[in-house]
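Here are my notes on this structure. Please keep the sequence and the model open as you read.

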Amino acid sequence: MSETFEINAELREETGKAASRRMRRLTGRIPAVLYGGGKQPVPVMLVGKDLEHSLENEAFYSHVLTFKVGRRTEQAILKDLQRHPARNEIMHADFLRVSDDVKIKVNIPIHFLNEETCTGVKMDGGIIQHQATDLEIQCLPGDMPEFIEVDMADVPVGGIIHISDIKLPPGIESVALSQGGDHDLAIASVLARRGGVDEDLEQDEQETAEGEAEAEDTDGAEEEQ
């Protein structure tokens with residue numbers, strides 16, 4: 001993890017929905033809370049435009065952040081983010097304190113590789129479907145990866161990639177698999193096109209032939225006139 005992120009927060013004295021609405025509307029700040037690590041939760045507020053800017057970088061979601069509140073500095077990760085259902089504006093953010101020697105659970109984005117050259121797509125005209133875009137893992141903060149790669153190159157039509165098929169980096173454990181084999185969920189699959197490729201081609205040829213026949217009938221009718 002080469003990138004570093006710093007969060008500058010201010011203590012928040014007022015709490016509650018009404019106070020949070022005023023804060024967002026009048027000051028452009030976002031209510032948030034820093035919790036965990038065996039300490040009391042601390043209500044804080046962040047500059048909205050700064051948080052939005054940080055969220056544009058995918059790495060922000062999977063990095064240990066330097067969280068500053070006044071003169072105090074702590075290590076934390078973004079644990080939850082609430083947005084307005086219609087306007088997509090940030091309503092509230094939750095940050096979890098972390099320690100170097102305590103494992104954490106966090107959702108890491110999945111990067112799908114070689115989708116354009118996937119066997120099932122290139123050879124058989126299949127369609128890739130993503131069943132998940134991130135994976136919940138457990139690890140020490142220092143081992144947390146920025147993303148997890150899933151190679152689609154050799155997946156045929158009808159093929160399915162499960163969590164157990166992903167080669168995780170050392171020190172990384174899937175939370176789902178730790179609960180048993182029946183939690184080995186699908187991550188991605190390659191589906192056959194509806195009707196199959198051959199049937200699609202036959203339908204196209206049939207539509208072309210029907211179009212040519214209609215054109216000939218029209219030309220014949222014009223000649224008779």
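Is C118 buried or exposed? The first point answers this.

1. C118 has a relative accessibility of 0%, so C118 counts as buried. Buried means under 20% relative accessible area, exposed over 50%, and partly exposed in between (1.4 Å probe, protein chains only). C139 is buried too, with a relative accessible area of 0%. The number of disulfides is zero; a disulfide is a pair of cysteine sulfur atoms within 2.5 Å.

2. **What you are looking at.** This is a predicted model, where local features need pLDDT of at least 70, side-chain atom pairs count only at pLDDT 80 or more, and totals for chains, interfaces and linings use all residues. Residues are numbered from 1 along each chain as its sequence is written, and side-chain values use heavy atoms, with hydrogens and water left out.

3. **The largest core.** A nonpolar core is a set of buried Ala, Val, Leu, Ile, Met, Phe, Trp, Tyr and Cys residues joined through side-chain atoms within 4.5 Å. The largest one holds 27 residues. I77, I137, M144, V150, M152 and I187 touch the most other members. Strands 7 (104–113), 9 (134–139), 10 (148–151) and 13 (186–191) each supply at least two residues of this core. Strand 7 gives the most, with five residues. Strands (E, at least two residues) and helices (H or I, at least four) are DSSP runs, numbered from the N terminus.

4. Contact means heavy atoms within 4.5 Å. Another core, of 21 residues, lies apart from the largest one; A9, L34, L51 and A59 are among its members.

5. **Helix 2.** This helix spans residues 48–55, and G48, L51, S54 and L55 are buried. Seen down the axis, the buried residues fall within an arc of 130°, so they line one face of helix 2. The arc is that of the directions from the helix axis to the C-beta atoms. K49 and H53, on the other side, are exposed. The buried residues pack against strand 2 (29–36), strand 3 (39–47), strand 5 (72–83) and strand 6 (90–97).

6. Three strands form an open antiparallel sheet in the order 8-13-11. Two strands pair if DSSP finds at least two bridges between them. Strand 8 (127–130) and strand 11 (160–162) each have a single partner strand, so one side of each is left without a neighbour in the sheet. Four bridges join strand 8 to strand 13. H130 stands opposite A188 in strand 13.
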